[in-house]
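Thanks for coming, everyone. I have one structure for you today, so please take a look at the screen.

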Amino acid sequence: MSANSRLTIAAHALAWIGLYRRQGHEVATSEQIASSVNTNPVVIRRLLGDLRRAGLVESRRGVGAGWSLARDLESMTLLDVYEAVEPGPLFALHRATPDQECVVGYGIQPAMQRIYDGIEETLRRELAHVTLKDVLQDVLAAPR
């Protein structure tokens, strides 16, 4: 199983747009952002589409087309970003109902659901405490 990187890439894109705006630019292109992420611009456009639907970025078409922040970085938390790009639960249960005649099959889903609910609650609480401004500050403070 591979880890999901959507939250990381979305935070990267938002921090990049925020820095680009600090440098005096109004909009950033998906190609510019994709270059920093080292991915295809289509991947960035899809992710930015999710962020736009969540009200975190705006897009412009035509001359001067590109992406800009819809809110300041200090008003966006990692929880906002997580909810925009990860619509489902963090963990999933079985796709098919386990054997209800088996003691483990009967009890595994409620047991795991309680654990997963606790983990998800902790994750959400931690993500809510970190703004994208915090992320950008940490990025800029990283030693090169």
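Predicted model: local features only at pLDDT ≥ 70, side-chain atom pairs only at ≥ 80, totals over all residues.

Let's start with the pocket. I mean the second largest pocket, with a volume of about 190 Å³. Who lines it? The lining of this second largest pocket runs through T29, S30, E31, R45, G49 and R52, then S59, R60, R61, A65, G66 and W67. Which elements do they come from? Helix 2, helix 3, strand 1 and strand 2 each give the lining at least two residues. Strand 1 is 57–60, and strand 2 is 66–69. Helix 3 has the largest share of that lining, with three residues. Of the lining residues of the second largest pocket, two are nonpolar, five are polar and five are charged.

S30 belongs to helix 2, residues 30–37. Is S30 buried or exposed? S30 counts as buried, because its relative accessibility is 5% and the cut-off for buried is under 20%. What does S30 touch, leaving out residues up to four places away in sequence? Its contacts are P41, I44, R45 and W67. The side chains of S30 and R45 make a polar contact at 2.7 Å.

R45 has another partner, and that takes us to charge pairs. The side chain of R45 also meets that of E31 in a salt bridge, 3.3 Å from N to O. That pair links distant parts of the chain: E31 sits in helix 2, R45 in helix 3, and they are 14 residues apart. Both ends fall in the middle class for accessibility. E31 is partly exposed at 44%, and R45 is partly exposed at 35%. Recall that E31 and R45 are both in the lining of the second largest pocket.

While we are at E31, here is another distance. V42 is eleven residues from E31 along the chain, and their C-alpha atoms are 8.7 Å apart. V42 is in helix 3. V42 is partly exposed, with a relative accessible area of 33%.

How many salt bridges are there in the whole structure? The search finds nine. One of them joins R21 and D72, with the closest N and O atoms 2.9 Å apart. This pair also connects distant parts of the chain, 51 residues apart. R21 is in helix 1, while D72 is in the loop between strand 2 and helix 4. R21 is partly exposed at 34% relative accessibility. D72 is partly exposed too, at 39%.

Now a local pair. D50 and R53 form a salt bridge, and here the closest N and O atoms are 2.6 Å apart. Why can they be called neighbours on the helix? D50 and R53 are three residues apart in helix 3, so about one helical turn separates them. In general, an α-helix has 3.6 residues a turn, so residues three or four places apart point the same way. The two ends differ in cover. D50 is buried at 18%, whereas R53 is exposed at 63%.

On to the backbone. For context, most residues other than glycine have a negative phi. N38 lies in the loop between helix 2 and helix 3. Buried or exposed? N38 is exposed, because its relative accessible area is 70% and the cut-off for exposed is over 50%.

Last stop, helix 4, residues 78–85. This helix is mostly covered, with six of its eight residues buried. Which ones? The buried residues of helix 4 are L78, L79, V81, Y82, A84 and V85. And what covers them? The cover includes helix 1 (6–22), helix 3 (41–53), helix 5 (103–128) and helix 6 (132–141).

To wrap up, keep helix 3 in view. Helix 3 gives the largest share of the lining of the second largest pocket. Helix 3 holds R45, the partner of E31. And helix 3 is among the elements that cover the buried residues of helix 4.

Terms used
Residues numbered from 1 in each chain as written. Heavy atoms only, no water. Buried < 20%, exposed > 50% of the residue type's maximum accessible area, 1.4 Å probe, protein only. Helix = DSSP H or I, 4+ residues; strand = E, 2+ residues; numbered from the N terminus. Contact = heavy atoms within 4.5 Å. Polar contact = N/O pair within 3.5 Å; in protein donor to acceptor, adjacent residues only side chain to side chain. 1 Å grid on protein atoms, 1.4 Å probe; cavity = no way out; pocket = protein on both sides within 12 Å on 5 of 7 lines; lining within 4 Å. Points joined across faces, edges and corners; volume = space filled by probe spheres on them. Nonpolar A, V, L, I, M, F, W, Y, C, P; charged D, E, K, R; others polar. Salt bridge = Lys/Arg side-chain N within 4 Å of Asp/Glu carboxyl O.
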